[in-house]
Amino acid sequence: MALERLEVPATGDLAGLGELRAALLARLEAGQPAYLDARHVDEPSAALIQLIEAAAAAFGEKSLGFGLVEPSDALCAGYETIGLFAQLMSRIAMDS
């Protein structure tokens, strides 16, 4: 059974992040897990990485599933640049 995914915007601009943030909050409030399809991220921003990490903490506090599915090379490089590559690796969810 495949995981239902939320699409991560290709760029880390505030407009796209606002929509992603709202979708994450809706899932959190509904008690549903969130898995992010990150394969199309071309231009990650610090704001995007902060949103992912904040969401991971919030979903973890409620013991809800959370993860990244197919993170792009650009997103991986963004995490590595700011020294959070280990956190990225712990966020990767296997699609089943």
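**Exercise 1. Helices H2 and H3**

Task: In this predicted model, at what angle do helix H2 and H3 pack, and which residues make the contact?

Solution: 
- Start with the axes: H2 (residues 46-61) and H3 pack at about 85°, and their axes are 10 Å apart.
- Next, classify the angle. Values of 65 to 115 degrees count as roughly perpendicular, so H2 is roughly perpendicular to H3.
- Now look at who meets whom. H2 brings Leu48, Ile49, Ile52 and Glu53, while H3 brings Leu75, Gly78 and Tyr79.

**Exercise 2. Helices H1 and H2**

Task: Work out how H1 and H2 are oriented, and which residues of the two helices meet.

Solution: 
- The axes of H1 and H2 cross at roughly 0° and come within 11 Å.
- Angles under 35 degrees count as roughly parallel, and H1 and H2 are therefore roughly parallel to each other.
- On the H1 side you will find Leu17, Leu20, Arg21, Leu24, Arg27 and Leu28; on the H2 side, Ala47, Leu48, Leu51, Ala55, Ala58 and Phe59.

**Exercise 3. The largest nonpolar core**

Task: How many residues does the largest nonpolar core have, and which element gives the largest share?

Solution: 
- Begin with the background: in soluble globular proteins, nonpolar side chains tend to be buried together.
- Here the largest nonpolar core has 24 residues, and Leu24, Leu36, Phe66 and Leu75 have the most contacts inside it.
- Two or more residues come from each of H1, strand E2 (34-37), H2, E3 and H3.
- H2 gives the largest share of this core, seven residues.
- Zoom in on Leu75: setting aside neighbours within four places in sequence, Leu75 is in contact with Ala38, Val41, Pro44, Leu48, Ile49, Ile52 and Leu68.

**Exercise 4. From strand E3 to helix H3**

Task: Where are Val69 and Ser72 placed, and what does the side chain of Ser72 reach?

Solution: 
- Val69 is found in strand E3. With a relative accessible area of 2%, Val69 is buried.
- Along the sequence, Val69 is 63 residues from Leu6, but the C-alpha to C-alpha distance is 9.6 Å.
- Ser72 sits in the loop between strand E3 (66-69) and helix H3 (73-81). At 8% relative accessibility, Ser72 also counts as buried.
- The Ser72 side chain reaches the backbone nitrogen of Leu75 at 3.0 Å.
- Not counting residues up to four places away in sequence, Ser72 touches Ala38, Arg39 and Val41.

Terms used. Residues are numbered from 1 along each chain as its sequence is written. This is a predicted model: local features need pLDDT of at least 70, side-chain atom pairs count only at pLDDT 80 or more; totals for chains, interfaces and linings use all residues. Side-chain values use heavy atoms; hydrogens and water are left out. Helices (H or I, at least four residues) and strands (E, at least two) are DSSP runs, numbered from the N terminus. Buried means under 20% relative accessible area, exposed over 50%, partly exposed in between (1.4 Å probe, protein chains only). A polar contact is a pair of N or O atoms within 3.5 Å; within protein, one must be able to donate a hydrogen and the other to accept it, and residues adjacent in sequence count only if both atoms are side-chain atoms. Contact means heavy atoms within 4.5 Å. Axes are lines fitted to C-alpha atoms, for helices over the stretch in contact, and angles run from 0 to 180 degrees between N-to-C directions. Angles under 35 degrees count as roughly parallel, over 145 as roughly antiparallel, 65 to 115 as roughly perpendicular and the rest as oblique. A nonpolar core is a set of buried Ala, Val, Leu, Ile, Met, Phe, Trp, Tyr and Cys residues joined through side-chain atoms within 4.5 Å.
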